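Biologist: I have a model open and would like to learn how to read its local features. Could you take me through a few of them?

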Amino acid sequence: MSRNDELTGYGRHHLQMESYGAAAFCFYRATKENEFNGNAWNGLILSLSLMRREEEIRTALARFALQPGLDFDRDLLTFVFMMWQQNPRALAEWLRRVVQFNGIPEKDKLAFTEIAEDAEQAYVDLVAKYGAESLHSGGMLTLEEYAVRPIQLDWLLEAPVDTIYEQLQWWLEDKDSALAAVRLLCMLPDTRSEKLLRRVCRNVAIEPKVRTHALLALRWLGVRGNARLYKFNESFVIDLDNPKPELTISVPAVYKPALDRVKLWAAKEKGLVTSEVYERYASTDEVQLPPEIVEKMEEAEVPPLLQEVSHALIRAAHDEYYPLVPTISGTSQWSAALLMLMKDYAVGIGEGWPYGEPEQDETAKQHRNWLLSASPDFYPSIEEVRKLKES
């Protein structure tokens with residue numbers, strides 16, 4: 001087995017163990033040693049996605065597409081359409097490149113060419129409406145521009161390791177850069193990374209959210225066993241093999257029923273389900289709803305922006321208070337709390353709110369206030385978005 005195959009194998013092992021930072025490091029090294037290693041490109045993009053590093057995913061996807069001689073990888077299409085759904089320019093360029101890859105079926109070539117043509121026309125329409133310079137300054141980059149942007153893994157592989165750790169020590173002492181340092185350390189497999197992250201978990205001078213991320217970074221680095229976390233004047237021992245409560249950068253699974261009830265409420269307000277059907281399922285904490293109900297919930301089409309508002313609030317509160325997070329029960333009251341906040345955001349930025357007046361009992365208000373307590377900039381950020389839209 002070659003050194004490159006070993007790196008790819010290590011990456012897959014770390015990926016299976018949910019050590020996404022270590023996996024990304026191995027896959028990245030494999031692509032640098034052999035740019036034609038399609039498995040490594042696939043693993044790198046998957047690892048970055050599991051860590052929610054969206055800008056770096058776009059750069060990796062662009063570098064992949066601009067590398068001639070690679071084999072077609074259908075698995076990457078999901079990431080491409082997700083990452084560039086708001087950038088038809090880059091989407092079209094990516095598809096134009098991929099149709100030249102090895103092993104792509106003829107029917108896919110035709111389909112991708114048609115999608116690229118549609119995306120190109122969409123970009124032309126946007127240019128006519130807003131102007132090319134305005135679109136570019138707003139972030140609508142070309143594929144080549146995405147590809148040349150530096151990512152953290154570039155620095156980790158190119159800079160002397162002692163220089164990296166010296167810089168990270170400075171970042172960890174700065175409130176505004178500590179989280180960036182923690183997120184970088186998870187991709188630097190070295191005993192020094194583990195030591196620094198454990199210190200962050202115990203350092204009460206560092207913000208609580210960052211300490212939670214340091215705990216997660218230890219898992220992504222591949223560390224298992226116990227880790228000590230200091231918060232709220234207490235010491236907690238967290239089992240990194242099976243952390244309880246759930247330790248994640250996404251929305252914890254326990255919130256899924258509440259998020260589903262948000263969509264169910266929207267379906268009711270749009271007349272897609274009756275009030276009786278809503279009450280039937282909103283009054284329970286069932287995780288799995290019937291397929292016909294799920295279909296109606298999706299048909300309600302709650303805007304992705306508003307869904308992300310609720311997700312961001314949940315993640316912020318979970319990070320702030322972990323491991324002392326509430327047990328999620330009474331999903332209709334949690335969904336009502338989220339609906340209140342989503343409405344405030346939609347109305348605050350000047351968008352419509354076609355979902356009626358959320359229920360506002362005292363428990364729902366308490367949940368809302370708990371979520372807000374970890375996001376003190378929620379309403380100021382709404383005001384900023386509104387001003388930008390009006391300018």
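Biologist: Where is the place of Phe232?

Modeller: Phe232 sits in the loop between strand E1 (226–231) and E2; helices (H or I, at least four residues) and strands (E, at least two) are DSSP runs, numbered from the N terminus. This is a predicted model, where local features need pLDDT of at least 70 and side-chain atom pairs count only at pLDDT 80 or more, while totals for chains, interfaces and linings use all residues. Residues are numbered from 1 along each chain as its sequence is written, and side-chain values use heavy atoms, with hydrogens and water left out.

Biologist: What is the phi of Phe232?

Modeller: Phe232 has a positive phi of about 55° although it is not a glycine. Asn233, in the loop between E1 and E2, also has a positive phi, near 60°, and is a residue other than glycine.

Biologist: Is Asn233 buried or exposed?

Modeller: Buried means under 20% relative accessible area, exposed over 50%, and partly exposed in between (1.4 Å probe, protein chains only). Asn233 is exposed because its relative accessibility is 86%, and Phe232 is partly exposed, with a relative accessible area of 35%.

Biologist: Let's turn to peptide bonds. Is the bond from Lys244 to Pro245 cis or trans?

Modeller: That bond, from Lys244 to Pro245, is cis, with omega near -5°. Pro245 lies in the loop between strand E2 (234–239) and helix H15 (256–269). The bond from Tyr322 to Pro323 is cis too, with omega near 5°, and Pro323 is in the loop between helix H18 (304–321) and helix H19 (331–348).

Biologist: How are two packed helices described?

Modeller: By the angle between their axes and the distance between the axes. Axes are lines fitted to C-alpha atoms, for helices over the stretch in contact, and angles run from 0 to 180 degrees between N-to-C directions. Here the axes of helix H6 (residues 88–98) and helix H7 (residues 106–130) come within 8 Å and cross at roughly 155°. H6 and H7 are therefore roughly antiparallel to each other; under 35 degrees counts as roughly parallel, over 145 as roughly antiparallel, 65 to 115 as roughly perpendicular and the rest as oblique.

Biologist: Which classes of residue make the contact of H6 with H7?

Modeller: Eleven nonpolar, one polar and four charged residues. Ala, Val, Leu, Ile, Met, Phe, Trp, Tyr, Cys and Pro count as nonpolar, Asp, Glu, Lys and Arg as charged, and the others, Gly among them, as polar.

Biologist: And at what angle do H11 and H12 pack?

Modeller: Helix H11 (residues 161–172) and helix H12 (residues 178–185) pack at about 140°, with their axes 7 Å apart. That makes H11 oblique to H12. Contact means heavy atoms within 4.5 Å, and here Tyr165, Leu168, Trp171 and Leu172 of H11 meet Ala178, Ala181, Val182, Leu184 and Leu185 of H12. By class, this contact of H11 with H12 has nine nonpolar, no polar and no charged residues.

Biologist: Which residue joins its side chain to that of Thr59 in a polar contact?

Modeller: A polar contact is a pair of N or O atoms within 3.5 Å; within protein, one must be able to donate a hydrogen and the other to accept it, and residues adjacent in sequence count only if both atoms are side-chain atoms. For the side chain of Thr59 the partner is Arg149, at 3.1 Å. Thr59 lies in helix H4 (residues 54–65) and counts as buried, at 1% relative accessibility.
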